[in-house]
Amino acid sequence: MGSAGRLTHRLLWGASLVLCIALVNGSCFPAIFNFGDSQSDTGGIHAAFPSFTPAEFPPYGETYFQQPQFRYSDGRLLIDFITTAMGLPFLDPYLQSVTSDFYHGANFATAGATVLPVTYLSPFNFNIQLLQFMEFQKNVMAIRNPKSGTLGRTSTTIKSAASSGMCYVDPYDYQRCHAQGVYRESSWLCSTAYSEKVHRLPLPEFFNQALYTICIGGNDFTYGYTKGKSPAEVEEYLPQVVDGIVGGIRRLYYAGGRHFLIWDAEPQGCLPYTLTLIHHSEQDLDEHGCLPRYNQVSVFFNTYLNNSLTELRSELQDSTIVMFSTYDLKADLIMHHNTHGFKHVNRACCGVPNEFNYDLRVACGMSQVIDNVTFASTTCSDPNEYIVWDGVHTTEAANRYIAKQMFTGKFFYPRFSKLIDYCNLGPLT
């Protein structure tokens, strides 16, 4: 693949719009299991395809991390602010094989992922992520809760063993420990090495107690738009996307999940990505510089999603299924952006200088020669003034604002009482 092809491919990896279904945990949720696309990918696509995606290169990550951290923003994502508020560490990617600690959950999101099994930006569609979760859960249960018993696998004994640098193991683990030369007398104690391995995995009960977050679906919209489909044609298959999301929640429920927080679709007609992709005139825009017909597609999707989740609550009555309206929140932010400290609604902070500071052919932080003309991305001086970072994804400042609004509970449907009223949420700075 030539340089132009690689750069175009890198750009496309980031082209996922905000659409999330989330399940969160912290003081009241001991773990988070997240599913999604680049809006909540904390390094999954990098682990799968190193040196291939824009988020691996500057200026991504510059505001908070001072270097790229494989996130599609200048700093922290919404999922990062959620874990921080809940008193949990950042989620490690499931596909990150060496340094990950999954005790408080795992992130199955990968940039470019879709709900529908289409050949587009990523091979890790929602169904694949669910299969990965099922395999992860099976392996955790095999280690934490082997067939011969559960000796030493409860929260109390695990914590007690951890304080002494050891872990209790049952007879199933005895032979393995003995073979590795770490068997200690008859109390079935393993060495610190085994203890550290176990303590990087969630406890069995966490799968029932966790908050499950699902941030996916935006690429199912862009898949159609990039194929030249009209808004009406995209609307025709969006019910299938919702059905895929609802089916995924049902599968997680039968795997033990009980707490679900679901993101809907944002006002996509306001993104620099959409405004650049779709040819339009000034007459096609509303007073905020957005394409109302494309926002209507988001509303169509959100209405269908909300109705489907209402039906699912009736079916799964011992679960909590809440939708987080990013559409209402972002629409309010766009209308009152000056009040909230933002100056630019439809311009990207990082991109090729033009009307929307965005070019479909050149990713943030990159340059490209097209028809003997060099197009180079530039970065704004103050990302805090921008809602959009790279034409598709939000800035750290916008993510922080969205997180703070989310935890007011105003944009939850129905009210998420356990999260808002009973979790000891920390400050977001």
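The model is predicted; local features need pLDDT of at least 70, side-chain atom pairs count only at pLDDT 80 or more, and totals for chains, interfaces and linings use all residues. Residues are numbered from 1 along each chain as its sequence is written, and side-chain values use heavy atoms, with hydrogens and water left out.

**Helix 3**

- Helices are DSSP runs of H or I with at least four residues, strands are E runs of at least two, and both are numbered from the N terminus.
- Buried means under 20% relative accessible area (1.4 Å probe, protein chains only).
- The buried residues are Leu78, Ile79, Asp80, Phe81, Ile82, Thr83 and Ala85.
- They pack against strand 2 (32-36), strand 6 (211-215), strand 7 (259-265), strand 8 (320-324) and helix 14 (396-406).
- Contact here means heavy atoms within 4.5 Å.
- Gly87 follows helix 3 and has a positive phi, near 80°.

**Arg71**

- Arg71 sits in the loop between helix 2 (44-48) and helix 3 (78-85).
- Arg71 is buried, at 6% relative accessible area.
- Its side chain makes a polar contact with the side chain of Asp80 (2.7 Å).
- A polar contact pairs N or O atoms within 3.5 Å; within protein, one must be able to donate a hydrogen and the other to accept it, and residues adjacent in sequence count only if both atoms are side-chain atoms.
- Leaving aside residues up to four places away in sequence, Arg71 touches Asp41, Thr42, Ala55, Tyr60, Phe65, Leu77, Asp80 and Phe90.

**Cavities**

- On a 1 Å grid over the protein atoms alone, a cavity is a set of points where a 1.4 Å probe fits but cannot get out; lining residues have an atom within 4 Å of a point.
- Points are joined across faces, edges and corners, and a volume is the space filled by probe spheres set on them.
- There are 4 cavities of 30 Å³ or more.
- The second largest cavity holds about 90 Å³ of space.
- Helix 13 (326-335) and strand 14 (386-388) each give two or more residues to its lining.
- Helix 13 gives the most, with 3 residues.

**Largest pocket**

- A pocket is an open set with protein on both sides within 12 Å along at least five of seven lines.
- The largest pocket holds about 160 Å³ of space.
- Of its 10 lining residues, Ser97, Ser100, Lys197, Arg200 and Leu201 lie nearest its centre.

Key. Buried < 20%, exposed > 50% of the residue type's maximum accessible area, 1.4 Å probe, protein only.
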